[in-house]
Amino acid sequence: RVLKRDGLLKICEIDSRFESLDTFVADVETLGFQLLHKELFSKMFMDIEFKLVRRNRLASADLPEIQLNPCMYKKR
């Protein structure tokens, strides 16, 4: 809603939160974004960058349900 066309969406998240990275990317692309970059760095963080290429006017029933796994931290 607030990202202009050609705007960048940058996501940095713990890799284990993604059940399937390919499904996550496909769902975000359904919303009108194009994948520009994805990289696993520091052994556990995923860096993903999308560009908004079109605004999809999907009904709320047609929107993909994007969910991430809970974040689990190790107790020290």
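**View 1. Leu9 and its bridge partner in strand β3.** In this predicted model, Leu9 is paired through a bridge with Phe50 of β3. The two strands concerned, β1 and β3 (residues 45–52), run antiparallel and are joined by seven bridges.

**View 2. The three-stranded open sheet.** The strands are arranged in the order β1-β3-β2, and their pairing is antiparallel. The edge positions are taken by β1 (8–14) and β2 (33–41); each has a single partner strand, so one side of each is left without a neighbour in the sheet. From one strand to the next, the twist averages 15°.

**View 3. Surroundings of Phe50.** Leaving aside residues up to four places away in sequence, Phe50 touches Gly7, Leu8, Leu9 and Ile11, together with Phe24, Val25 and Val28. Further contacts of Phe50 under that criterion are Phe33, Gln34, Leu35 and Leu36.

**View 4. The largest nonpolar core.** Phe50 belongs to this core of 11 residues, whose other members are Ile11, Phe18, Leu21, Phe24, Val25, Val28, Phe33, Met46, Ile48 and Leu52. Helix α1 (21–30) and strand β3 each contribute at least two of the core residues. In soluble globular proteins, nonpolar side chains tend to be buried together.

**View 5. Asp27, a buried acidic residue without a salt bridge.** Asp27 lies in helix α1. Where is the nearest side chain of opposite charge? That side chain belongs to Arg54 and is 11 Å away; a salt bridge would require a side-chain nitrogen of Lys or Arg within 4 Å of a carboxyl oxygen. Apart from residues up to four places away in sequence, Asp27 touches Pro64, Glu65 and Ile66.

Definitions and conventions: Residues numbered from 1 in each chain as written. Predicted model: local features only at pLDDT ≥ 70, side-chain atom pairs only at ≥ 80, totals over all residues. Heavy atoms only, no water. Pairing = 2+ DSSP bridges. Helix = DSSP H or I, 4+ residues; strand = E, 2+ residues; numbered from the N terminus. Axes fitted to C-alpha atoms, helices over the stretch in contact; angles between N-to-C directions. Core = buried A, V, L, I, M, F, W, Y, C linked by side-chain atoms within 4.5 Å. Buried < 20%, exposed > 50% of the residue type's maximum accessible area, 1.4 Å probe, protein only. Contact = heavy atoms within 4.5 Å. Lys, Arg positive; Asp, Glu negative; His and termini not counted.
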